[in-house]
Amino acid sequence: STIATIPDGIHLVSGSGDKTIKVWNLNTGKEELSLEGHSNAIRAVAVTPNGKHIVSGSEDCSIKVWSLATGNVEHTLEGHMYSVRAVAVTPNGKQIVSGSDDKTIKVWNLDSGKMEL
């Protein structure tokens, strides 16, 4: 399992082996949103600094960018050969950095979903 906080200070994001991402309300402890789209366990989650997107990395070798407002996948990023174990968003919110069991780190453009490095 993996977790990340949302900048609003009220919500938390979790990813787990059941292939779901959940958004939780920290005040009530209740699940507010459940996202499905990965075909294998989720090993990493991050939230953009503006709190508008969730980024998830999975054992299915992909990264997904989700709209927190709609719950829809905006981009599926493919380029790793093995499980994605780490994702982070740069402080300016423009790039995603991912790390994988394939022993690579990749940099992606958040807006376009294209690999930069």
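Biologist: Why is Glu59 called partly exposed?

Modeller: The model is predicted, so this is a computed value. Glu59 has a relative accessible area of 25%. Buried means under 20% and exposed over 50%, so Glu59, at 25%, is partly exposed.

Biologist: What makes Arg43 and Glu59 a salt bridge?

Modeller: Their side chains meet at 2.6 Å, N to O. The rule asks for a side-chain nitrogen of Lys or Arg within 4 Å of a carboxyl oxygen of Asp or Glu, and the pair at 2.6 Å therefore counts.

Biologist: Which parts of the chain does that pair tie together?

Modeller: Arg43 lies in strand β5, residues 42-47, and Glu59 in the loop between β6 (53-58) and β7 (62-67). The two parts are 16 residues apart in sequence.

Biologist: Why does Arg43 count as partly exposed?

Modeller: Its relative accessibility is 28%. The band runs between 20% and 50%, so Arg43 is partly exposed.

Biologist: How do you know that Glu59 and Arg85 form a salt bridge?

Modeller: The N to O value for their side chains is 4.0 Å. The cut-off is within 4 Å, and the pair is listed as a salt bridge. Glu59 is in the loop between β6 and β7 and Arg85 in strand β9, 26 residues apart, so the pair links distant parts of the chain.

Biologist: What makes Arg85 partly exposed?

Modeller: Arg85 has 41% relative accessibility. Exposed would require over 50% and buried under 20%, so Arg85 counts as partly exposed.

Biologist: Which salt bridge joins Arg85 to Asp101, and where do the two residues lie?

Modeller: Their side chains meet at 3.0 Å, N to O. Arg85 is in strand β9 and Asp101 in the loop between β10 and β11, 16 residues apart. Asp101 is partly exposed as well, with a relative accessible area of 42%.

Biologist: What makes β9, β10 and β11 an open sheet, and which strands are its edges?

Modeller: The three strands lie in the order β9-β10-β11, with antiparallel pairing. The edge strands are β9 (84-89) and β11 (105-109), each of which pairs on one side only. Neighbouring strands are turned by 20 degrees against each other on average, direction ignored.

Biologist: How do you know that β9 and β10 pair?

Modeller: Five bridges join β9 to β10, residues 95-100. Pairing needs at least two bridges, so the two strands pair. Within this pairing, Ala86 stands opposite Gly99 in β10.

Biologist: How many helices and strands does the protein chain have?

Modeller: The chain has zero helices and 11 strands.

Conventions: Residues are numbered from 1 along each chain as its sequence is written. This is a predicted model: local features need pLDDT of at least 70, side-chain atom pairs count only at pLDDT 80 or more; totals for chains, interfaces and linings use all residues. Side-chain values use heavy atoms; hydrogens and water are left out. Helices (H or I, at least four residues) and strands (E, at least two) are DSSP runs, numbered from the N terminus. Axes are lines fitted to C-alpha atoms, for helices over the stretch in contact, and angles run from 0 to 180 degrees between N-to-C directions. Buried means under 20% relative accessible area, exposed over 50%, partly exposed in between (1.4 Å probe, protein chains only).
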